[in-house]
Each structure stands twice: as structure tokens, then as C-alpha cells.
Amino acid sequence: MKTKKGLVCLFLALITVLSLFSCGEDSPVFCKEEYSTSAGTLTLWAAYSHGDGEKAEAFTDEELSEILKKTADRFETVYTELTSGQALAEVNGETDVILDADEVFVSVLNQAFKLSADTNGAFTPAHGAYTELKKSGNITEEAVAEALSHCGTDKFIIDKTTVRKSDRKAKIDLCSFAAGYALDEALKVLTESGVEHGRLSLGNLEEVFGSKPDGNAYTIGIENDGVTPGYFRITDGCVSSAVTDPENLNYAKKDGDFTKVTVFASQASTAEALSHVLLNMSEEEAKALYESHALSFEAVMITKDGKTVMTDRAETGLYIEETSETEKDG
């Protein structure tokens with residue numbers, strides 16, 4: 001996978017970004033702000049520099065701060081709409097059909113459903129009945145079986161802005177997709193404002209774009225129980241990171257082979273969802289998904305016995321120092 005002009009998203013098991021922005025008299029205009037959001041603390045960095053590395057005059061600190069505020073507002077708006085908004089409530093009501101559903105929400109729903117199809121159902125945004133059960137605490141074998149009977153994208157038919165349900169109790173839950181999607185949308189605010197270098201960090205999620213202002217690549221180390229088996233150097237890239245907890249999967253039907261997963265994809269929403277999917281897969285299933293080419297992604301996966309498994313193009317456009325424990329998948 002090459003990182004030329006397009007954005008590349010990573011959903012990392014654990015990530016360290018070193019020397020994000022340089023300091024000193026010749027540093028570019030740079031601003032960092034933190035905002036409280038429904039998904040946690042969102043930290044944003046933005047910088048602008050001329051190609052020759054001279055200090056830019058395009059933005060003042062105040063202007064950059066205002067851009068970051070708009071970025072945070074965009075994240076909050078998108079995230080709350082996808083996780084607790086009116087459009088979601090309408091779709092999750094016990095009804096057979098929703099006429100004139102919110103057009104934007106339906107567009108996002110179509111993206112999530114396509115991702116479900118591309119993973120052969122391993123990722124499903126239609127598991128709301130099960131997550132609602134988990135929140136209730138009534139986790140009995142009978143209750144789980146009942147909830148799972150109402151899960152699946154096959155319970156929904158989407159035609160333009162009309163959403164039909166074959167099961168009135170079927171519900172949508174975008175929580176393993178929404179934060180990444182909202183970050184993708186927030187990132188657009190930064191780039192469309194003319195910001196050339198930036199970083200968005202939300203707890204376990206992180207995105208960067210462009211090279212560092214000094215023209216160097218970002219350096220990312222992936223840790224495995226305190227040991228760093230490899231480093232990635234990324235330019236013109238987007239990075240999302242998280243430690244994924246098996247207890248927070250859509251609905252785990254079995255234990256996967258991995259304890260930590262790193263996914264490289266074209267969007268943070270896709271990377272976020274795939275990290276959950278891969279964590280609950282065996283090595284063979286992960287390899288089959290990768291080789292199906294249904295989705296364009298690369299991955300670094302750490303197994304329960306500490307082995308590091310990589311897809312065959314994880315190094316393309318990236319730099320990694322391998323250890324003797326590292327194996328390539330494919």
C-alpha cells in the first residue's frame with residue numbers, strides 16, 4: 001500500500017507518534033487545543049508552513065484556533081447524530097417502515113451496510129438488539145439467543161430515503177464505526193481550511209495528515225508487551241489508533257487468535273470497524289478476508305502467543321524494522 005496523495009488510515013493496537021511538530025524560531029504556525037466531546041476528549045493540532053520550511057504567515061494562532069474549534073464542532077455533530085440522534089431513533093423504533101428518513105444518515109447507513117457485505121457479515125451495524133441487551137445486564141443464554149435473532153443487515157431494506165424492516169425489533173448500532181467516521185468528517189474541516197499538517201486524537205483513535213511541517217515522515221512504533229517490534233514512517237498519511245478490547249466487539253461468538261490488531265485502510269471508519277472484525281478472527285480467517293480483496297487494507301496482528309503477523313503489503317510505502325518473531329501473512 002503506497003502513501004502518495006491519498007489519505008491512509010491506521011487503526012493501531014498501540015501507537016506512539018514521535019516528534020509531531022518541530023519547535024524553535026523557524027517553526028511553522030502551530031496550534032493545539034483540547035475539547036470535551038460525547039466520545040471523550042478530542043485533542044487537535046494544526047500547523048501551516050511554506051514548502052521551503054520558512055515560518056508561515058497564512059494563519060495566526062487565533063485563526064488556527066478557530067479552525068480547530070470548527071473541526072471539533074463537526075466531530076461532535078456527526079458523532080452524536082450517529083450514536084444518539086433523531087434519525088437513529090426513528091430507524092430503531094418498532095415500526096415496519098420509515099419514510100423520508102434523514103438523507104445523510106441513510107448515506108452513512110449504506111456505507112456501513114456495504115462494509116458489512118464486504119466482510120461477509122463479520123462486521124454488522126445491525127446488532128443493536130444485542131448491544132441493548134448488554135446494557136440491560138440481563139445476559140442469559142435465552143436472552144442472548146432472542147437478541148441475536150433480531151440482528152443482521154438482512155432485516156433492513158434501504159431504497160433511497162425509505163428504510164423498511166422485516167423485523168420490527170431490529171436495531172442499528174454504529175458505535176464501532178461512528179468515531180472513525182466522525183474523525184474522517186472532522187478532518188475535512190482542517191484540510192478544506194488550508195491547513196497542511198495536522199493531527200486529531202480521541203482517546204484510542206488518532207489521525208494525522210500530511211508530513212510533519214519539517215518535511216519528515218511521522219514515526220510510529222507499535223508496542224507488544226513493552227517491546228517495539230517495528231516502526232512505521234508515514235508521509236501524506238492519516239493515522240487512527242486504538243487498543244481494541246474483545247469485550248467491546250459487535251457480538252463475539254468465539255475467541256479470535258489476536259490480542260492486538262493494526263489496520264491500514266482508506267478511511268478511519270473502515271479501519272475502526274476492521275480492527276474489531278480482525279480481532280475476533282483466526283489467522284486463517286484474517287488471511288482469507290485480506291486475500292478476497294473485497295476491501296483494500298493492510299494489517300499487523302499480534303497473536304495471543306506474542307507472534308507478529310503482517311499482511312504481505314504492510315511494508316509497501318511504509319518502513320518497518322522486523323524482529324525474528326515477525327511473520328508475513330501471504
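Mentor: Start with burial: buried means under 20% relative accessible area, exposed over 50%, and partly exposed in between, using a 1.4 Å probe and protein chains only. Keep in mind that this is a predicted model, where local features need pLDDT of at least 70, side-chain atom pairs count only at pLDDT 80 or more, and totals for chains, interfaces and linings use all residues. Residues are numbered from 1 along each chain as its sequence is written, and side-chain values use heavy atoms, leaving out hydrogens and water.

Trainee: Why is cysteine 151 called buried?
Mentor: Its relative accessible area is 9%, and the cut-off is under 20%, so cysteine 151 counts as buried.

Trainee: What makes cysteine 175 partly exposed?
Mentor: Cysteine 175 comes in at 42% relative accessibility.

Trainee: Why is valine 300 called buried?
Mentor: Valine 300 has a relative accessible area of 4%, which is under 20%, so buried it is. This valine is found in strand β14, residues 297-303; a strand is a DSSP run of E, at least two residues, numbered from the N terminus.

Trainee: What makes β6 and β7 a pair?
Mentor: Two strands pair if DSSP finds at least two bridges between them. Four bridges join β6 to β7 (residues 162-165), so they qualify, and they run antiparallel. Isoleucine 158 stands opposite valine 163 in β7.
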